[in-house]
Amino acid sequence: MEDNQPAAWAAVGGSARPNLHGMLRYPAMMVPCMQGDIIDAILDEVGTGGSRVVDPFVGSGTIMTEALLRGLDFTGVDINPLAVLTCEAKAAIDAGANVERAAVTTIQALRSDIVETVDVDFPWLSKWFDEPAARCLSRLRRSILAVPDQPARKVMWTVFAETIRVSSNSRTSTYKLHMRPEGDRVDPERIVANFEGALRQTLQRVRDYQALIAGRPESDPDIRILCDDVRRADIGTKDDRHRILVTSPPYGDNQTTIPYGQFSYLAVRWIPAEDLKGSDTLRSNTFALDTASLGGSLKTAKANGERIVGISPTLDRLVASAHSAGKGRGLRKVSNFVADLFDAFAQVRATTPGAAHWVITTGNRTAHGMPVALDEICRDIMCYLGGKPVAGLRRRLPGKRMPTRNSMGSLINTETTLVVEFA
Ligand SMILES: C[S@@+](CC[C@H](N)C(=O)[O-])C[C@H]1O[C@@H](n2cnc3c(N)ncnc32)[C@H](O)[C@@H]1O
């Protein structure tokens, strides 16, 4: 493990997320320049010919953007429809969607819209949005629907999603849905201004990105984005092109670590289903997506706890000491999650056999007072799947990128990046 890392890897704030990286705020985004540097180091070793980058937990597409900037083909998977929409929007920009025209169409439609209806309905709508805010968001929604080109429209939805995030009655300081105090409600008069501000920023980000890819050699990259559970997803071609996997999986089940589903719930209820991938069930209530994510269902806990034994010696030791400490039941969520994580990586490996480099960034935490060394557990899983760990980096997280405390654990203040080779 190395400690002397480039200062740029520790940068936080807007400058650390240039061009498309800053389009939509998503939990636990990776550090773009660090991951880009790692991709470059691997390309130096294997060459660019025939390389496809894969991220099976693609989130908002940090790795995707870094791959596309280098002109590499890309496959991404995520179970979260908002994450997938964001990646599709970024892919549309890469493919040259006319975002400026979509913006003009949206703003013109908005100026001429005098309808006062609320166009969506879902459980607890009136809890999360006051009526004037819901009317205003409905106007924005109708205006975006006036954009005929679906790829460009998806870019508009990412701006809308960001507007929803800051306009709802849920606090922006937490990823969970959590009511703001009465005195802290968003002024509905500000909603259109917020949208227009976010739109201006997105247009600038698109221009910055287009300038960067203008010098990109040869043909446009081939991009595949799947909205699926990676444990079942067919990541594709069983050829030797999937050589570079770069990813950051969840750190535990969503309920006790990061509730990506709750974070996305309001946006995916406002954005029309026709423009979203993923089944309707995932959007049916605030818990559906978190339950469907890795480690989310305790129905599997018993069977998962049994079949994961022997795959990770680190997990086996943790479970044994939890039993001795009378905490076995508390730790079953961890075994349940690790078994799901194992299934996910096993599926990725089965659908992308052949020589590969995998770069996996994880964080450690504690559960019921016991340290869960997810970095070591991932290393064990990689060895079990036939990989050879060749490098590791540990870095201290510079700011408060993660919720630092959760019901199960304490500080998540370091992350580990593991590089594994498959022959
Ligand atoms: C740490 S985040 C990835 C963030 C991403 N690296 C970025 O920079 O935006 C982990 C992702 O795993 C996804 N996820 C959780 N369970 C999944 C599953 N079973 N299949 C596919 N994706 C899943 C979550 O929706 C989340 O987007």
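**Legends to close-up views of the ligand site and cavities**

**View 1. Residue classes around the ligand.** The shell around the ligand comprises twelve nonpolar, six polar and four charged residues; here Ala, Val, Leu, Ile, Met, Phe, Trp, Tyr, Cys and Pro count as nonpolar, Asp, Glu, Lys and Arg as charged, and the others, Gly among them, as polar. The model is predicted, so local features need pLDDT of at least 70 and side-chain atom pairs count only at pLDDT 80 or more, while totals for chains, interfaces and linings use all residues. Residues are numbered from 1 along each chain as its sequence is written, and side-chain values use heavy atoms, with hydrogens and water left out. In total, 22 residues surround the ligand, the closest being Tyr-26, Ser-60, Thr-62, Asp-78 and Val-230 (a residue is near a molecule if one of its heavy atoms lies within 4 Å of it).

View 2. A polar contact is a pair of N or O atoms within 3.5 Å. An oxygen atom of the ligand lies 2.6 Å from a polar side-chain atom of Thr-62. An N or O atom in the side chain of Asp-78 is 2.7 Å from an oxygen atom of the ligand. At Val-230, a polar backbone atom is 3.0 Å from a nitrogen atom of the ligand. On its own the ligand has 600 Å² of accessible area, of which the protein covers 100% (Shrake-Rupley method, 1.4 Å probe).

**View 3. The largest cavity.** The ligand sits in the largest cavity, meaning that more than half of its atoms lie within 2 Å of the grid points. A cavity is a set of points, on a 1 Å grid over the protein atoms alone, where a 1.4 Å probe fits but cannot get out; lining residues have an atom within 4 Å of a point. The structure holds four cavities of 30 Å³ or more, and the largest contains about 440 Å³ of space, a volume being the space filled by probe spheres set on the points. Its lining has 35 residues, with Phe-57, Asp-78, Ser-248, Pro-250 and Tyr-260 closest to the centre. By class, 21 of the lining residues are nonpolar, ten polar and four charged.

**View 4. The second largest cavity.** About 210 Å³ of space lies in the second largest cavity. Among its 19 lining residues, Arg-165, Ser-168, Gln-262, Phe-263 and Leu-266 are the closest to its centre. The lining of the second largest cavity has nine nonpolar, five polar and five charged residues.

Terms used:
A polar contact is a pair of N or O atoms within 3.5 Å; within protein, one must be able to donate a hydrogen and the other to accept it, and residues adjacent in sequence count only if both atoms are side-chain atoms. On a 1 Å grid over the protein atoms alone, a cavity is a set of points where a 1.4 Å probe fits but cannot get out, and a pocket is an open set with protein on both sides within 12 Å along at least five of seven lines; lining residues have an atom within 4 Å of a point.
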